[in-house]
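Have a look at the sequence and the fold, then read on.

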Amino acid sequence: MSSSVRPTTIVLATLGALTTGFLAYAVYFDHKRRTDPEFRKNLKRESKRIAKVAKEEAEAQGAKQKRQIREAVTEAIEEGFPTNVEEKEAYFMNEVGHGEVLCQNESTHIEAGLCFYKALKVYPQPGDLITIYDKTVPKPVLDIVAEMVAFDGSIPVGSFGGGPGSDAGGSIGAVDD
């Protein structure tokens with residue numbers, strides 16, 4: 001009679017050994033963290049280094065986004081905007097619709113902001129439209145639109161994102177980065 005080892009026994013023994021090894025490492029790491037000052041310093045140093053790298057990446061991304069926004073606004077201004085009332089209305093509806101679609105995807109927020117900026121550019125009452133944007137457009141896209149308006153400076157909007165009754169006077173165009 002031969003006795004064979006069942007596969008489930010092998011699997012259970014392997015899982016038990018892996019679990020025991022993991023728990024032993026966790027206990028070792030915790031002991032080292034609590035008792036070894038050099039180990040704690042290294043952990044703290046590594047944590048600070050990671051935070052610094054993340055901060056630098058965020059700053060670089062912010063600078064890149066500002067550059068993209070400025071390029072997009074400059075390009076839109078160079079393309080020009082319709083002057084006829086019917087063309088303005090069709091252009092406005094097209095840009096707002098396109099912007100709403102682009103808002104759904106986080107990777108196209110700058111393009112969505114550009115669409116809303118273009119619509120704002122041809123709208124007869126920009127301040128009223130900004131109040132509507134404030135209620136309907138996602139905040140990241142609204143911030144991009146605000147940067148575009150600030151860069152352009154030719155849109156008379158009063159207070160951007162202040163909402164009704166806001167006493168933050170002045171024009172967004174006066175803001176300089």
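## A charged pair to start with

Let's begin with E38, which is partly exposed at a relative accessible area of 42%. Here, buried means under 20% relative accessible area, exposed means over 50%, and partly exposed lies in between (1.4 Å probe, protein chains only). E38 forms a salt bridge with R45, and their closest N and O atoms are 3.9 Å apart. A salt bridge is counted when a side-chain nitrogen of Lys or Arg is within 4 Å of a carboxyl oxygen of Asp or Glu. R45 is partly exposed too, with a relative accessible area of 49%.

Before going further, a word on the ground rules: this is a predicted model, in which local features need pLDDT of at least 70 and side-chain atom pairs count only at pLDDT 80 or more, while totals for chains, interfaces and linings use all residues. Residues are numbered from 1 along each chain as its sequence is written, and side-chain values use heavy atoms, with hydrogens and water left out.

## The overall fold

Helices (H or I, at least four residues) and strands (E, at least two) are DSSP runs, numbered from the N terminus.

Of the 177 residues in the protein chain, 24% are buried. The accessible surface comes to about 12,300 Å², and carbon and sulfur atoms hold 57% of that surface; the areas come from the Shrake-Rupley method with a 1.4 Å probe, and for residues only the protein chains shown count as cover.

E46 is partly exposed at 35% relative accessibility, and R49 is partly exposed at 45%.

K118 and E79 also meet in a salt bridge (3.8 Å, N to O). K118 lies in helix α4 and E79 in helix α2, so this pair ties together parts that are 39 residues apart in sequence. K118 counts as buried at 13% relative accessibility, whereas E79 is exposed at 52%. Elsewhere, salt bridges that share partners join D30, R33 and R34 into one network.

## One face of helix α5

Which residues of helix α5 (residues 126-136) are buried? They are P126, L129, I130 and Y133. Seen down the axis of α5, they fall within an arc of 105° (taken from the directions from the helix axis to the C-beta atoms), so they line one face of the helix. Their cover includes α3 (85-103), α4 (109-122) and α6 (139-152), where contact means heavy atoms within 4.5 Å.

The whole structure has zero disulfides, a disulfide being a pair of cysteine sulfur atoms within 2.5 Å. The sulfur of C103 is 8.8 Å from the closest cysteine sulfur, in C115, too far for a bond. C103 is buried at 11% relative accessible area, and C115 is buried at 7%.

L15 lies in helix α1 (residues 7-35) and is partly exposed at 48%.
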